[in-house]
Amino acid sequence: MDWWSIALSPRLWFFLLMFALSGGVLLTVVWFERKAAARVQMRVGPYHVSPWSGGYLQLLADAFKFIISEPIVPRGAHKVLFVWGPPLFVTLAFGASLLLPLTPELRLIKDPALLPYGLIFSLVVLLLVSISVVIIGWSVNNKFAYVGAAREALLVAAYELPLILSFLAMAVLYGTLNPLEIVNKQSLLVGALWNPLAFLVFIIATAMATARFPFEIADYEGDLATGPYSDYGGIFLVLSFAGGTYYATFSYSFLASLLFLGGWALPGFSAGPWPQDIIGNLILAIWVYVKVVALMFFFAFLRAAMPVLRLDHTLALGWRGLLLLGMAGVVWSVVLRLVGVAP
């Protein structure tokens, strides 16, 4: 294989786009989250770092400050889990998105027959993220972290089954788990309109899984400091509380864009094969990112507009509300399949 073939490899472009654009997305979403919260609270928000851009680069300055800080392992902490918990967290959170196709041509899984497994494993990996959060909290010799880890474990029991039911509802609706076929079936009407119950359950469960408001319960600063991330600082805090949670939101939003928002399906436009039509494939990839950013903006705005729910109320919502809605979403998909109007 010559250098030109390597430079035009779709897998190489997939990795470049996923790492570069996801970093830009996270930078933009965090800036928007801070600005939106400041606007609601009648503050200025980020400003002093790059005032010409409204403080857009503040996150980079914060990340640089933490990265050059001395990493400290507290006395009494489980050193192995304390050190490896944050890298595991961010790897699982971002790794789930790498199993999904960005466009029909730009994907890590080359064999189309294996794409359904990639979709399933992406969901499984995302569900494992919460376990890494519990490990992080348990490894710290801190009561706030223990309570935060216990809350995280309880929340998993509240959102995990409804999330799986919403995923199952869309699999029944489309009659396939191949993401290429799923996106093709949304060319006229997106999945969120075919099954709004499953979409609603997926969005609420995602907010629970990623500690978005009003479900920032495990790490709520008002009564638990930073919960499982208490006593974490430096690069450990960047990888866990600052990086892992946002990458998990990114991966959940990426999955939702394929299942519910039509993925790369752009009305009136189709790209040719790679590498003959590089520009066309890049346009489709950017279209996916537009949907991902829109979802992440929604989750970010919740911080400025929503209060925090109590733990018992959230558990009741999960078991009494989301579970029933998730089951209703599955039944609705079965009915659509039986009457023959499913996509």
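How many aromatic pairs does a search of the whole structure find?

1. The search finds 18 aromatic pairs, where rings of Phe, Tyr and Trp (its six-membered ring) pair if their centres lie within 6.5 Å, and where planes under 30 degrees apart count as stacked, over 60 as edge-to-face and the rest as tilted. This is a predicted model, in which local features need pLDDT of at least 70 and side-chain atom pairs count only at pLDDT 80 or more, while totals for chains, interfaces and linings use all residues. Residues are numbered from 1 along each chain as its sequence is written, and side-chain values use heavy atoms, with hydrogens and water left out.

2. One of the pairs joins phenylalanine 15 and phenylalanine 19, which are stacked at 6.3 Å centre to centre with 25° between the planes. Both belong to helix α2 (residues 10-40), and because they are 4 residues apart there, about one helical turn separates them; helices are DSSP runs of H or I with at least four residues, numbered from the N terminus.

3. Phenylalanine 19 also pairs edge-to-face with phenylalanine 94, at 5.0 Å centre to centre and 70° between the planes. Since phenylalanine 19 lies in helix α2 and phenylalanine 94 in helix α4 (residues 79-98), this pair ties together parts that are 75 residues apart in sequence.

4. Phenylalanine 94 is buried at 8% relative accessibility, whereas phenylalanine 19 is partly exposed at 46% (buried means under 20% relative accessible area, exposed over 50%, partly exposed in between, with a 1.4 Å probe and protein chains only).

5. Ring pairs link Phe15, Phe19 and Phe94 into a cluster that also includes Phe14, Tyr247, Phe250, Phe254 and Tyr289.

Conventions:
Helix = DSSP H or I, 4+ residues; strand = E, 2+ residues; numbered from the N terminus.
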